Amino acid sequence: MIDVALGVDVGGTKSLAVVLDATGHVLDESRVASHAESPDALVEALSRQIRQLCEVHDLDVSTIPLGVGVAGMVAIDGRVAFSPHLPGASGAQVASGLCASLARQSTVVDNDANLAALAEGRWGAARGESHYVMVTLGTGIGGGIFTESTLRRGAHGFAGEIGHMSVVARGERCACGARGCWERYVSGDALTRRAREEVAAGRAALLAARYGPALTSEDVAAAADAHVPEARALLDEMGWWLAAGLANLAAILDVSCFVVGGGLSALANHLLPATRGHLDGLLEGRAARGEVEVRDAVLGARAGAMGAALAARERS
Ligand SMILES: [Zn+2]
């Protein structure tokens, strides 16, 4: 049998599974609607998708290395303890549930951004780096902390929930239930909110004329591509917020680079140059510290699933 592993990344709308060889090549993939409306539905849908992919490739579903990534706080035992953006998945016993339904001995389950960090470190933007943080921007912010050549999982598996660093006292309400979390200021939702605030306050006449009061983050990105200064200013502002969080992480972890990926990559052309520009002024001891790089992720939407397969190969 060929030497492959299977990795799955469960997102808010779709579940992406890949068949990965030992060198990081994706041999096949399947995308299905994710079913995170309840813990049981999540495990059943995952079982079905994994079984189908194994049947197509004549792989033994009970023995193939299998890894699964899920957004949120994933415990060391492979349980989704709490997932602000997949609330129905909270409590899902993903590892033990898949082992039972697929007659397996072990299944690796981890936070999706932790797994993306592994893949970017092995085959992507952080290849060869020993100290970096993967930052995934989308509905919220996910994180994977890799220091001293080790992925940090913490006491319970919950390390790297960087989107929920508190950055504003009594700030915007977050899906996690707290206020002022970093991801409320750096996300598609945040950009949409800020753009609508500017339009409502009469400070963005060009955006208002183009898109009206219900404009979205995608509209802002398109306007920035078209050199609309109000859109550029909003992205510069978000770049500052991104840099502020990265500076906090650099102060705590002393990493040499950040890899930024996730669903907001359409904004990267505008966002990351702004972030790099602001970061220098926010870092403690910039001259003594040396450069802290902010890199584009290179593996795209497959990073989490690839990392899941990689972790399965190495942990099982
Ligand atoms: Zn939060």
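I began with the rule for strand pairing, under which two strands pair if DSSP finds at least two bridges between them. For naming, I kept to DSSP runs numbered from the N terminus, with helices (H or I) of at least four residues and strands (E) of at least two.

I noted that this is a predicted model, in which local features need pLDDT of at least 70 and side-chain atom pairs count only at pLDDT 80 or more, while totals for chains, interfaces and linings use all residues. Residues are numbered from 1 along each chain as its sequence is written.

**Entry 1: the sheet with E8 and E9**

I looked up strand E8 (residues 132-137) and strand E9 (residues 141-147), and found that they pair in the antiparallel sense over six bridges, with Phe146 in E9 as the bridge partner of Tyr132. E8 also pairs with E11, here in the parallel sense and over five bridges, and Val133 has Phe258 in E11 as its bridge partner. E11 in turn runs parallel to E12, joined to it by four bridges, and Phe258 has Val294 as its bridge partner in E12.

I then wrote down the whole open sheet, whose five strands follow the order E10-E9-E8-E11-E12 with mixed pairing. Strand E10 (150-151) and strand E12 (293-296) stand at the edges with a single partner strand each, so one side of each has no neighbour in the sheet. Helix H8 (residues 268-282) packs on this sheet, where it touches strand E11 (257-261) and E12, and its direction makes about 175° with that of E12; for such angles, axes are lines fitted to C-alpha atoms, for helices over the stretch in contact, and the angles run from 0 to 180 degrees between N-to-C directions.

**Entry 2: the sheet with E1**

I found an open sheet of five strands in the order E3-E2-E1-E4-E7, again with mixed pairing. Its edges are strand E3 (26-33) and strand E7 (108-111), each of which has a single partner strand, so one side of each is left without a neighbour in the sheet. From one strand to the next, the twist averages 20°. Strand E2 (residues 14-21) pairs with E3 in the antiparallel sense over seven bridges, and Val18 stands opposite Glu29 in E3.

H3 packs on the sheet and touches strand E1 (4-10), strand E4 (66-70) and E7, its direction making about 100° with that of E7. I also saw that helix H10 (residues 303-315) lies across E1, E2, E3, E4 and E7, running at about 135° to E1.

**Entry 3: burial and the core**

I checked burial next (buried means 20 or more other C-beta atoms within 10 Å of a residue's own, exposed 12 or fewer, partly exposed in between, with C-beta atoms placed from the backbone). Ten of the twelve residues of H3 are buried, so this helix is largely enclosed by the rest of the structure; among them are Asp112, Leu115 and Glu120.

For the nonpolar core, I used the set of buried Ala, Val, Leu, Ile, Met, Phe, Trp, Tyr and Cys residues joined through C-beta atoms within 7 Å. The largest such core has 100 residues, and those with the most contacts inside it are Val70, Val94 and Ala309. Domain 1 (4-117 + 302-315) and domain 2 (128-297) both give residues to this core, so it lies between them; the domain bounds come from an automatic or database domain assignment.

Last, I listed contacts of Val70 (C-beta atoms, placed from the backbone, within 7 Å). Leaving aside neighbours within four places in sequence, Val70 is in contact with residues including Val10, Val94 and Asp112.

Conventions. Two residues are in contact if their C-beta atoms, placed from the backbone, lie within 7 Å.
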